[in-house]
Amino acid sequence: MKNQFIDLEAQLDSSDEDSIEDSGEVRHRNAAFINDAPENTSDSTKIIALPERTDSINLLVERIEDQYIKRGANHPVSQTDEEDTPPFGQLWLKETDWLLWRVKCTPGQEYFILYELIMRHETLSDELRSAFYNPRDVGYIYLEAKFTKSGISSLREVLREYTDLRLHTLGIVPDVDLKRCLTINDFKQVFAPGQWVSIKHGLYRGDIGLVVEDFREEDSTTGVKVMVVPRLDYYSDKGTLPSLSSKRKRRLRPSAQLFDPNQCVQEELVPHKRQHVFSYRSWRFDYGLLVKTYNANTLSPAREVPSSVASLFLEAKKRGADIEIESMPTSSLWRFNIGEPVLSTETGKYGTMASSFDPVNAPSPPLVDFKDEGTHMVSVTSIMKDIMLGQYVEVLAGVHSGKKGFVVAKTDALLGIIFDTNSLHIQIHANSVTISMPDFFTSEIPWLNVQVKLLSGVFAGSSGVVKDVKVTSARNLAITVHLNNGHERTVGYHAVRELFSGQLLLDHQPLKRHQQQFNVEFPWKEIRVTILSGRFAGHSAIVKNAWIDFRGALRLSLWVMSYKCSIEIDSSAVKEQITGLPLNVYRPLEGNQLKEFAVSPSLEAMRTGPVPWLGLHVDIVKGQYKGQNGTVKDVNRYQVKPSLKSKLSGLKLNIERHVFTAIASTKVVEVDYDAIRFHKTQYRLCEVFMPTAKQSFYWPEYVPQKDLDTPSNVDADALKGSKAPLPNDFEREVIFCGSRSPNCPTSEQSSRTPWHDLQLPAIWTAASPDPAPFRSPTPTPPSAPALPLNDHWILHPKLVGIQIKVDISSGELDTSKKKDGIIVKTVSGADGIQVVYRRSPTKIVDVPYKLIESFHNRPNPSREKGLMVVARNHPEHIGKLVRRIHHFYDMEKTEEKHWLIVQTVERSGPKEETVDEFLDLHPGDLEYVKETAEERKQSISLLEFTRLDFSHNPVEIRRPHLYNSTLPST
């Protein structure tokens, strides 16, 4: 059988430490481990001690008895009797199959170990048939292998070379685990801020928590910040023990109680400026609750919050915590009526309520009628009302009882409801509401008897008059039109126009003050779009709402179908799914919508121009002009001097003050960036409008948290620097900055300009990469000599912003004794082109370019699958991203003359695309580029047919040349 390496690669963060250890204990009990004693080299068949297959022998005996004793010797043997029939829901290893082994490894290193094994498959083919890892089972590698050899080249010795492997855990996978290790569950749980969750593992197993943030960092690290009631052992913290010396009693899990700063070690307690906020050791406590980060796999939606826990969260709310008590899943606020559709959270089946439930009047367990299964009595905590996005609901219990509104956001059982405006008012549990209808009985219906023309449908082009207008439960207008031919049709708002002017009805006859409940239409409603940036990049979504936020930017509310959750996003971060056009191009705004939803041209010019923040209205919160406001007229950099504590941002802004002065020139003053906030907010300008790639030169230097004298109407904590860049949790994902920004030219555009014709200005160019947080290039005097462009291949202008894997020859980043290199990239600034390395999401270090060497593992022309960039020897192609398609030999069949045939790929959009250009390149001309496992997997399927076409051609010995954008003949 031909050797194959099954690569189930996917970008997934490592699981919670507790969950990894817990699952490991189960595996240790069920697996048989290799005898790690020295091998007997004289008998290679006794290197390992295989487990006895007593179960298989017993099964064989039972089948023989059934065949020849119970049935009789003359009973014909069918083919199905001869085959091994696995138990239902399990997999079964045949006697001819190789054994499947499992070994523990460092989480996050699975892919790199598999890659190294793939590179050695020629020498390991006799012992290793396949290797893979399950991305839903982080920390383990699976091997289909036979350990039959000894010596330095044996599979056993090869595995010893990897320090990330724990070879003592190597063991055979039990039959009962085969299905689990070969199965991937693609469901991705997303948690919304304000959602109540249950913790699965660790010290807080079974406890209830409240989601603060579901985040994704730049390095693809994901996590969920949760507030939980802390469990602290104050006695052990102080170094003293209770009077009872029982060790068993000390091992009991501490009880859950709000954090008390008076009971802990005072020397390690750090109070924050906000009241009831503390840091203690490595923990953070907000209003008595512990803020802890979990992996999403270790959390599940909470079905009910016990009253004892609810009282603790209520106490935290009294201290100032932002907690929606009405959203808490507690049965005391739930109501069920006969006939309401529900979903079983245990079985996933839909049903209808056959009895009512009221915790006061009818507290008995409810009855649910499941289709094809009859009526069953269920626990009230195991069912959830089937409420859909856009429905009109009424709150049944709690402080908001009797209020009605539309559902505009939904995550699991957590609903976001608005009452009378387009802002999110409350979050509440689905079981606390019921479906209702808007009350418009006393309102005057708009547009009655207006002559209109239908634009779509069977009667497109027909004219008639409006007879009725209603707002549906999905928050859409339903307009009933009586046609001139006698028919009546009910159509949507955008399906009709006023007959004579061709205007939309809102433009022809605006709504009156008492008709505002009919103002539910907004542009691009229910249009399917593709998200271009952020955590949900590449996913499809449906537009559910649109509005202009406090910055003047157009925002959209989307329903992400694959995640079943709502998000808020900038309108420029999406495109129409089928045409790929921006929404304002796909369906331009007109009439009343153009007035209500149009973005200011000055704002658009500011976002696309070379200088950020021009024209923004700002407040001055520090210095001699404190308390005044004005407009940004210009932005300039200056050399930071550490001795001047008040000038560390590196930016000065010219502000035209909104005051009356005798001399007009005194209205424009220079103010440091750190002394300015966006008008009537606590946010710095970068937190409101992050500079684009073309504006990256104006990214401020890191400013330490300083005390500012603030107006009385501004929260003192706000001016420390907002921990969240915007009130919306998704803002960092939707204001672009980087190589995939719409404002940044694609690699195809940049490759058309010869590198020797480029001029490096003293500021960041349009092709500059995204700036690192709290870091920017520091300008130097004009007399500083520019860095020569030809000192090193990595300093080429076309390689700016590309993350390349390299080796470092010396220094603290030395990789000469390591198997893997590091990822660096170049940035363009006032000092020329520099090389930087991101040590962590918030820390970047400079790397001297003279220490950089090409990665020691060169691309393999015969089987390379990685993403590469042309780095040298071909000036017209440097900076192009390529992938191997085929290979050939130049004049003679030697490794030095082994060349690659590569195809150019384009990565400026949300997904990688191929370019109809093929190049002949030597491995020495190429360097590896950073890519995720998921991107590698997608590229394999993208180039599958192209590689298949080339594979029909034999490996030639010829002279290299350039393909002129043609595919090989088949």
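This is a predicted model: local features need pLDDT of at least 70, side-chain atom pairs count only at pLDDT 80 or more; totals for chains, interfaces and linings use all residues.
**Salt bridges**

Side chains of opposite charge can pair when their charged atoms come close. A search of the whole structure finds 29 salt bridges. Three of these pairs are listed below.

| Glu 161 | Arg 120 | 2.8 Å |

The salt bridge of Glu 161 with Arg 120 links distant parts of the chain, 41 residues apart. Glu 161 lies in the loop between α6 (155-160) and β5 (165-172), and Arg 120 in the loop between α4 (110-119) and α5 (121-124). Glu 161 is partly exposed, at 35% relative accessible area, and Arg 120 is partly exposed as well, at 27%.

Asp 207 is buried, with a relative accessible area of 11%, whereas Arg 253 is partly exposed at 41%.

Asp 674 is buried, at 4% relative accessible area, and Arg 684 is buried at 11%.

Elsewhere, Arg 883, Arg 907, Glu 912, Glu 931, Glu 935 and Arg 936 are linked in a network of salt bridges.

**Helix α19**

Helix α19 covers residues 944-951, and its residues Thr 946, Arg 947 and Phe 950 are buried. Viewed down the axis of α19, the buried residues fall within an arc of 95 degrees, so they line one face of the helix. They pack against β45 (881-890), β46 (898-906), β47 (913-921) and α18 (933-942).

**The region around helix α12**

Gln 577 is in the loop between β33 (574-576) and α12 and is partly exposed, at 32% relative accessibility. Although Gln 577 and Val 529 are 48 residues apart in sequence, their C-alpha atoms are 4.5 Å apart in space. Tyr 586 belongs to helix α12 (residues 583-586). Together with Leu 581 and Val 585, Tyr 586 makes a nonpolar surface patch of about 240 Å².

**Annotated domains**

An unreviewed UniProt entry places the feature "domain: KOW" at residues 190-217, 386-413, 445-472 and 611-638. The span 386-413 is 0% helix and 43% strand, with its end C-alpha atoms 9 Å apart. The span 611-638 is 0% helix and 46% strand, with its end C-alpha atoms 15 Å apart.

How values were computed:
Residues are numbered from 1 along each chain as its sequence is written. Side-chain values use heavy atoms; hydrogens and water are left out. Buried means under 20% relative accessible area, exposed over 50%, partly exposed in between (1.4 Å probe, protein chains only). Helices (H or I, at least four residues) and strands (E, at least two) are DSSP runs, numbered from the N terminus. The arc is that of the directions from the helix axis to the C-beta atoms. Contact means heavy atoms within 4.5 Å. Patches are made of residues with over 30% relative accessible area and no salt bridge: like charges are joined within 9 Å, nonpolar side chains (Val, Leu, Ile, Met, Phe, Trp, Tyr) within 5 Å. Accessible areas come from the Shrake-Rupley method with a 1.4 Å probe; for residues, only the protein chains shown count as cover. A salt bridge is a side-chain nitrogen of Lys or Arg within 4 Å of a carboxyl oxygen of Asp or Glu. UniProt positions are given in the numbering used here, feature names are shortened, and annotations may be inferred rather than shown by experiment.
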